[in-house]
Amino acid sequence: DKEIAEFIDKLGTTLRPEKVPRDLRKCCFCHEEGDGATDGPARLLNLDLDLWVHLNCALWSTEVYETQGGALINVEVALHRGLLTKCSLCQKTGATNSCNRIRCPSVYHFACAIRAKCMFFKDKTMLCPLHKLKGPCEQELSSFTVFRRVYIERDEVKQIASIIQRGERLPMFRTTLPAPSAPNRQHHPARRAAPHVPRAVGYEATRIYWSLRTNNRRCCYRCTICENNGRPEFVVQVIEQGLEDLVFSDSSPQ
């Protein structure tokens, strides 16, 4: 097999896929890079500008609950507590998964809780190794895989404002592509009429999502905030290989 591979390389007739770049996104809870195992921390969700959390790290935080629509509420509240809370196993900060026994001080990262053999239940509670049940339990959860749509509830206007305040940084969104350009640190003139709504003119972001025109196919959506006659204009360009680009624009992001 090695000789055949060397012979094919010499012919130069094959194409090798490029190496997948290292995923530098890091979970704010467990501090691990990249998406986690499906039956573990799971995929990364975008919390804010350059801030990411693993789905299960957020979902299993004590303060967090999920709505029927799949929105995770109180993720930021849990994160603020985790900044000062050390894991009972690894002694690193970011631990937000607390034992459900009253007055038990044990708290873990989600992945550390699995390694410590904690017991998880279907009502999203957990017991540490010291307090877990001795025998089997019907309510014990055996799989942490989440295939349903889950996202972090957030205020988009507040997020744009934070982008302006933080300055020239490359924003990363829920999908895999980084935004090609950072927003200008300026407020749109229209802000005089609505002082509570900042407009990042020149802001541009790219997302990969399902195609509007082709089933089971993804395409690129390029979102831009432009200026049109002194007012903000929100433009979405749909880029799909083999098809003509679609462009949608409006004076409102709605």
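**The cysteine pair and its surroundings**

Guide: Cys219 has a relative accessibility of 5% and therefore counts as buried. This is a predicted model. Cys220 is likewise classed as buried, at 14% relative accessibility. A disulfide is a covalent bond between the sulfur atoms of two cysteines. The structure holds 0 of them. The cysteine sulfur closest to that of Cys219 belongs to Cys220, and at 7.4 Å the distance is too far for a bond. The cut-off for a disulfide is a sulfur pair within 2.5 Å.

The loop between β10 (204-210) and β11 (218-228) contains Asn216. Its phi is near 55°, a positive value in a residue other than glycine. Most residues other than glycine have a negative phi. Asn216 counts as exposed, at 76% relative accessibility, whereas Cys219 is buried.

Lys117 is another non-glycine residue with a positive phi, in this case about 65°. Its place is the loop between α4 (110-115) and β7 (119-120). With a relative accessible area of 56%, Lys117 is exposed.

A positive phi also occurs in a hairpin turn. Strands β12 and β13 form a hairpin with 6 residues between them, and Gly242 in that turn has a positive phi of about 85°. The two strands, β12 at residues 231-239 and β13 at residues 246-250, pair in the antiparallel sense over 5 bridges. Within this pairing, Gln237 stands opposite Val247 of β13.

Elsewhere there is an open sheet of 3 strands, in the order β3-β4-β9 and with mixed pairing. The edge positions are taken by β3 (65-66) and β9 (151-152); each has a single partner strand, so one side of each is left without a neighbour in the sheet. Between β3 and β4 (residues 71-73) the pairing is antiparallel, over 2 bridges. Tyr65 has Ile73 in β4 as its bridge partner.

To return to the request: Cys219 and Cys220 are both buried, and their sulfurs, at 7.4 Å, are too far apart for a bond.

Definitions and conventions:
Residues are numbered from 1 along each chain as its sequence is written. This is a predicted model: local features need pLDDT of at least 70, side-chain atom pairs count only at pLDDT 80 or more; totals for chains, interfaces and linings use all residues. Side-chain values use heavy atoms; hydrogens and water are left out. Two strands pair if DSSP finds at least two bridges between them. Helices (H or I, at least four residues) and strands (E, at least two) are DSSP runs, numbered from the N terminus. Buried means under 20% relative accessible area, exposed over 50%, partly exposed in between (1.4 Å probe, protein chains only).
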